[in-house]
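Student: Could you take me through one part of this model in close detail? I would like to look at the place where the two chains meet.

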There are 2 protein chains.
Amino acid sequence: MEKELIFGHRNPDTDAIGTAIAYSYFQNQHGYNTEAVALGEANDETSFALKKFGFEAPRVVKTVANEVKAIMLVDHNEPQQSVEDRDQVKVTHVIDHHRISNFATIDPLFYRAEPVGCTSTVLWEMFKEQNMEIPANIAGIMLSAIISDTLLLKSPTTTDIDKEAVEELAKIAGVDYKEYGLELLKAGTNIAAKSVEELIDLDAKSFELGSKTARIAQVNVVDVPEALERKDAFLAAMEKDAKANGYDLFMLVITNVLDSDSEVLFIGDDESKSVFAKAFGKELVDSEAHLPGVVSRKKQIVPPLTRAFEA
Amino acid sequence: MEKELIFGHRNPDTDAIGTAIAYSYFQNQHGYNTEAVALGEANDETSFALKKFGFEAPRVVKTVANEVKAIMLVDHNEPQQSVEDRDQVKVTHVIDHHRISNFATIDPLFYRAEPVGCTSTVLWEMFKEQNMEIPANIAGIMLSAIISDTLLLKSPTTTDIDKEAVEELAKIAGVDYKEYGLELLKAGTNIAAKSVEELIDLDAKSFELGSKTARIAQVNVVDVPEALERKDAFLAAMEKDAKANGYDLFMLVITNVLDSDSEVLFIGDDESKSVFAKAFGKELVDSEAHLPGVVSRKKQIVPPLTRAFEA
């Protein structure tokens, strides 16, 4: 069987990397010849999870057509979030939990998406459907992905299936998911050691919203006022990055993982600002807005913005 | 639970209608409130299958936003093959076995596609994964869909999973699938009673190929020379339909379901004709070409044309 690479989105998070590792195991058990790789370095949270369950960080690749003819995607489908030379290879499999946008293939493919909290939850269902045993370390990295994406089952993206998956996977992995979950989330919140440039890129994704190109970054913290001490520096870095890359607007979502609230920093033209106000029913004051209860970019930020930009 | 409609593509075939009926049963067992409908009248083959297993033909709808807020799709995803007001409702579920093209959602959704011979094969896997019993009449209509799409397991789209599904479903439905399959396929080949206008529309689908809009129709027959007696009338009707609807090219694929060969009638500009020749390694002679072994639009016609038009 010819080798295929499996990977998640750019600026990978624990779902992108963890699910790629677990899906590669799953597919190799089915006779495929796959390797999990990543489109960027593992972040602090992901590194914590990898170490906990005994995995090396996947090899980072910038292009794929130089080594394989076919690939499998996890946790994304939109081309601007994927590898830059994706149009030169064939996408044979996708597992995801996002909207579908600007994704097209020439041939039929295997595509499995569900509106659940994490791609690893979909994969967990696939293991169960086929009565396949999940090794403890694979269960651990899938558990980490679900905890990360659902903020320990508190994000509004969380479904009953995610909860069931977390309980079963925690048993297999042999950890107390509440205790481990807090450790994991906190491992990703140490922003003091990072520059504003790193922080606005760490978990940033690009989206086409109506005719606008939007960049939306998110950082998890336990202390929002500490993060906002660098507000002016954040805004300046966002402004610079937007100019350099042609983003019409740039949003930084600073999420308190303990309280499940977010503070948003926003740059963009007046039209984008008024669309923001329409989308969230809240005016930006001094480029900033408080969004109580908002923690999910996928469910609480991208859809209202998309609707407002397309209205 | 708010009602949702389930339907297949325009100019429905046995997969589009049969799988909509079976998926509606499946989803209602899961607590959804769905109704299977169709975007057109059942063809002769589908009517034969519906009658055999005791189903009424689904209600035909032209629009959906007037009655529901959300829909589920089977056997298609491309907008030009779907209901005309699809952009006014939410697509919550898709099961399919085609390429993904021009399909986009605002929110995450349930999407299940596999590169197998028929959408009912994917649905059969879903029944099995959940250990759900399949009633005999539902098994019969799913079996009919698979026989239809795979030309009784002879199309190159056929996989081992389709074969397994056919054998199991035939047992549940209590029919000899080879005997029933021939009856079913022959029920769809009585073209003598139909006008050329009806025949070029019966199983026609539109595709975006590069910058061209293509119309590709297919008719199943047991006697190709009989069909070709009306060649000039077919070409004139295709020409007229292309002009009226803005198709850059129109292909009629006349497939012998017993021999698994096809004769193609083709109209289009010189560029399209030379792209056809490149795609199939065969020049059109007098607007006609013989394509031995070609029976699958999805696998043997659309991909080579797409590649040739995009090259």
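How many residue pairs are in polar contact between chain B and chain A, counting pairs with both at pLDDT 80 or more?

Tutor: Happy to! Keep in mind that this is a predicted model. Between chain B and chain A there are six residue pairs in polar contact, both residues being at pLDDT 80 or more. On the side of chain B that touches chain A, the elements giving two or more residues are β5 (110–113) and α11 (297–310) of chain B. Of these, α11(B) provides the largest share, with five residues. Sorted by class, this side of chain B holds 11 nonpolar, eight charged and five polar residues.

Now for the charged groups. The count of salt bridges between chain B and chain A is two. One of them links B:Asp107 with A:Arg307, where the closest N and O atoms are 2.6 Å apart.

The strands deserve a look too. Strand β5 of chain A (residues 110–113) is joined to β5(B) by three bridges, and the two strands run antiparallel.

Finally, the overall extent: 24 residues of chain B are in contact with 24 residues of chain A. The area buried between the two chains is about 2200 Å², and carbon and sulfur atoms give 60% of that. Within the area that chain B buries against chain A, 28% is supplied by B:Ile100, B:Ile106 and B:Pro108, more than by any other three residues.

Methods:
Residues are numbered from 1 along each chain as its sequence is written. Chains are lettered from A and ligands numbered from 1 in the order in which they are written. This is a predicted model: local features need pLDDT of at least 70, side-chain atom pairs count only at pLDDT 80 or more; totals for chains, interfaces and linings use all residues. Side-chain values use heavy atoms; hydrogens and water are left out. Contact means heavy atoms within 4.5 Å. Buried area is the accessible area (1.4 Å probe) that two parts lose on being put together, summed over both. A salt bridge is a side-chain nitrogen of Lys or Arg within 4 Å of a carboxyl oxygen of Asp or Glu. A polar contact is a pair of N or O atoms within 3.5 Å; within protein, one must be able to donate a hydrogen and the other to accept it, and residues adjacent in sequence count only if both atoms are side-chain atoms. Helices (H or I, at least four residues) and strands (E, at least two) are DSSP runs, numbered from the N terminus. Ala, Val, Leu, Ile, Met, Phe, Trp, Tyr, Cys and Pro count as nonpolar, Asp, Glu, Lys and Arg as charged, and the others, Gly among them, as polar. Two strands pair if DSSP finds at least two bridges between them.
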